[in-house]
Amino acid sequence: METSRFAPDTFVSLGATEHRPHEAAFNAGNGLPISVDHVASLGHHITRSRQASLNAIPHRKSLSGVPIPEFHPDIVADEDHLTLEQMFDWSEFRSISVWRSGVAELFLMALYVMVSGGVTVWATQVGGPVVSLDVGLGVFVTLTLFIMATAAISGAHFNPMITWTAVFTKLCSIPRAVIYLFMHIIGALLGGAFLRVCCGPTVTASTKLGSWGFDPSVVTVGQAFCLEFLFSWSYIWITWGTAIDPKQQKVFGPVIGPVCVGLALGLNIFVSGGLTPGFGGAGANPAKFLGLAVAANNYQQHWIPWIAPLLACIVQGAIYWVAPPHHEAEKSKKD
């Protein structure tokens, strides 16, 4: 008979411990008696093994590349955010690793523009009762998968809105942001060129490659600006609260977080595209729509998909510092 309790005068199976010559074998031949010291040694070995396996897991990084420390709601700490000196660390312009991440962002943006723009072109050609639903679903899947595939390389920004808000919330340095924004623009132009070559002049003329725009006979410039600002703000709010903020990263994890980001953009595209007739849907990615605008030669009120998202990022950054995640727990700890 075997027991599973670790106590004096009890037994464990041969698979759970090693044979010790000085100990007498269990008379049934299927177990060995163990002492208290043996149990303590075995427990210590298990603890060390578990710790070693945990240490083998690489630390996740914030958008700036800074390792994220373990978080406990009762602990007040600011290690997640960069200091003022780190924010203006100009030596990053000479950092090979930062430029390598930037190159990854360039090609990521190019592929994302081509695929997500292709989703819009396809949905426009196929038509249907709710085109914005098809676009929203396609963008949701595309964005989620690209984030999962690239987050460990560069933080998977591939959107100036993410980079801007990361700077405003002290999660990304100024030099890294400049490099990333430059790469985003070059990548978007490259992706737009890819899409135009794939679609050809006829499809480009009929669909405008899904570039940002609205019908001025139905939607005013003020309406278009408000729609772009509000839905961009909705997108960046959900993104920061589920996937970007270092504390919230630990709540949602590396899988649920990207799904939430993709779902947020897909949902906002779906709702904004059907809310008002004549509005094509929120962009919420200035670089992407620059690439599509150049490829399709469609620059209709192109300042809106840049200024409206930038304003949304500024507002979100301000709210983040006024009421950051877990601020109630931090306040109670200070008290």
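pLDDT is the predictor's confidence in each residue, on a scale from 0 to 100. The model on your screen is predicted, so local features are described here at a pLDDT of at least 70 and side-chain atom pairs at 80 or more, while totals for chains, interfaces and linings use all residues. Numbering runs from 1 along each chain as its sequence is written, and side-chain values use heavy atoms, with hydrogens and water left out.

**Stop 1: colour by confidence.** The protein chain averages a pLDDT of 81, and 74% of the residues score at least 70. Now select residues 1-32, where pLDDT stays under 50. For this stretch the model has 42 contacts (heavy atoms within 4.5 Å) beyond four places in sequence.

**Stop 2: the annotated segments.** An unreviewed UniProt entry places "transmembrane region" at residues 103-123, 135-156, 177-197, 217-239, 251-271 and 303-323. UniProt positions follow the numbering used here, feature names are shortened, and annotations may be inferred rather than shown by experiment. Select 251-271: the chain there is 100% helix and 0% strand, with its end C-alpha atoms 27 Å apart. Helices (H or I, at least four residues) and strands (E, at least two) are DSSP runs, numbered from the N terminus. Move on to 303-323 and you will find 90% helix, 0% strand and end C-alpha atoms 30 Å apart.

**Stop 3: arginine 94.** Look in the loop between helix H2 (84-87) and helix H3 (96-126) for arginine 94. At 66% relative accessibility, arginine 94 counts as exposed; the classes are buried under 20% relative accessible area, exposed over 50% and partly exposed in between, using a 1.4 Å probe and protein chains only.

**Stop 4: aromatic rings.** Rings of Phe, Tyr and Trp (its six-membered ring) pair if their centres lie within 6.5 Å; planes under 30 degrees apart count as stacked, over 60 as edge-to-face and the rest as tilted. This rule gives 11 aromatic pairs. In one of them, tyrosine 112 and phenylalanine 146, the ring centres are 6.2 Å apart and the planes at 90°, so the pair is edge-to-face. Because tyrosine 112 lies in helix H3 and phenylalanine 146 in helix H4 (residues 131-154), the pair ties together parts 34 residues apart in sequence. Tyrosine 112 is buried, with a relative accessible area of 2%, and phenylalanine 146 is buried at 17%. Then select Phe88, Trp90 and Phe93, which ring pairs link into a cluster.

**Stop 5: two positive phi values.** Which loop holds phenylalanine 158? Select the one between H4 and helix H5 (160-168). Phenylalanine 158 has a phi near 30°, a positive value in a residue other than glycine, and is buried at 1% relative accessible area. Next, find asparagine 297 in the loop between helix H9 (286-296) and helix H10 (304-322). The phi of asparagine 297 is near 55°, again positive in a residue other than glycine, and asparagine 297 is exposed, with a relative accessible area of 59%.

**Stop 6: cysteines.** How many disulfides does a search of the whole structure find? The count is 0, with a disulfide taken as a pair of cysteine sulfur atoms within 2.5 Å. Finish on cysteine 172, buried with a relative accessible area of 0%, and cysteine 313, buried with a relative accessible area of 0%.
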